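Here's a quick tour for someone who likes the cut-offs spelled out. Have a look at the model first.

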Amino acid sequence: MAANNARAVASALIPVANVHALAEAYNGVDGQVPERYLVAEAEKVIVGGGGSHSEIPVVDLRKLLDTRSSSSECAKLKSACHHWGFFQLINHGVPDDVIGNLMHDVAEFFDLPLEAKKEWAQRPDSVQGYGQAFVVSEDQKLDWADMPHLQLQPSESRDLRVWPTRPHSFRNSMEAYSSETARLAFRLLELMAKATGAELAPLRGLFEEGLEQGMRVNYYPPCRQAADRVLGLSPHTDASGLTLLLQMNNDVQGLQVKKDGRWFAVDAVDGAFIVNVGDVLEIMSNGEFRSVEHRAVIHPNKERISVAMFHCPSLNLKLCPLPEFVKKGEKVRYRSTSYEDFLKQYFAAKLDGRERLERLKLE
Ligand code: OGA
Ligand code: NI
């Protein structure tokens, strides 16, 4: 049942301070950032130019769809989904005005005074709304960010009490963005199946039927005192099938992806979506596509905003490797589980890298 979704599962969430307000208070003075936001000295993060730079693969949707270039572009897509779990998508066809309107309204929302934004704050029974997710104990480390988390599809799962109405165009902008990104996600799922030689229809069909689409709008304030000791978003994998991320200010680096045990900073290509494979697709594809650990770091003087759209199948789905991805003679590599239980566990714990996914692996 739609009401019985990931959002309703998060009743154990502990409310935390607004980080935007904290940043305003601390960035102006020389006071120390509260201990709960600081990672251990040994885990200091490398911000901006210091990290290893990577070229996460760039995939061109126009080339994927053009018969003259589709086979070489498909090979690139397949390799990106396997080796990186991430790619940047250009020529994606989502109209500029749909993206522009959303970005404009998101920026305006964050510019509102805190008291105004609180009107759409998380309620005690759900993760939907303006606040923070994954806070389940009084002593865990906290992320340096705030976010409205909103469920967009199926439409009856929307909690309109926490959907911002300022600026006035916000809801319309989200609606348009929601349908464009869902359409793009379906198309990508089909092409990803094609790229591996699997049948096209089943993967797309599983998402199209009963799509769950959620949106997280991440606001990462700067942290002048301790950018190398705070994390905007702790290392995690996404519990989704496919995530489409847009970052608003491409001059501010923040997303980092783990590959071969090292963190790589992502330079966002202008106008591109950053696409990543989530846990659901790793399991369904029997490990062909990989759900890769990533995190967000903080800039000392500049804010950063990103919008993540999570595309997930119906909660009723039994999550297991699909037969068309288990190649002849290969073993099934993941235990099956109910997607709803999987999500319950995801939202009931602190983010913890690939932990949950690893537990489902069969050796
Ligand atoms: C997310 C995420 C990264 C970013 O929202 O799941 O990984 O750069 N965001 O904001
Ligand atoms: Ni993520």
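The notes below cover the basis of the model, a ligand site and a helix pair.

## Ground rules

This is a predicted model, so to speak of local features takes pLDDT of at least 70 and side-chain atom pairs count only at pLDDT 80 or more, while totals for chains, interfaces and linings use all residues. Residues are numbered from 1 along each chain as its sequence is written, chains are lettered from A and ligands numbered from 1 in the order written, and side-chain values use heavy atoms, leaving out hydrogens and water.

## Around ligand 1

Ligand 1 has 13 residues around it, with R216, Y220, H294, R304 and S306 the closest (a heavy atom within 4 Å counts as near). β13 (304–312), β6 (212–220) and β7 (231–236) each give at least two residues to that shell, and β13 has the largest share, 4 residues (strands are DSSP E runs of at least two residues, helices H or I runs of at least four, numbered from the N terminus).

Which distances separate ligand 1 oxygen atoms from polar side-chain atoms? For R304 it's 2.6 Å, for H294 2.9 Å and for D238 3.3 Å. The protein buries 98% of the 290 Å² that ligand 1 exposes when taken alone (Shrake-Rupley, 1.4 Å probe).

## Where α4 meets α7

Helix α4 (residues 70–84) packs against helix α7 (residues 170–196) at about 95 degrees, axes 9 Å apart. That makes the two roughly perpendicular (65 to 115 degrees). Contacts, meaning heavy atoms within 4.5 Å, involve α4 residues including C74 and L77, and α7 residues including L191 and M192.

Technical notes. Axes are lines fitted to C-alpha atoms, for helices over the stretch in contact, and angles run from 0 to 180 degrees between N-to-C directions. Angles under 35 degrees count as roughly parallel, over 145 as roughly antiparallel, 65 to 115 as roughly perpendicular and the rest as oblique. A polar contact is a pair of N or O atoms within 3.5 Å; within protein, one must be able to donate a hydrogen and the other to accept it, and residues adjacent in sequence count only if both atoms are side-chain atoms.
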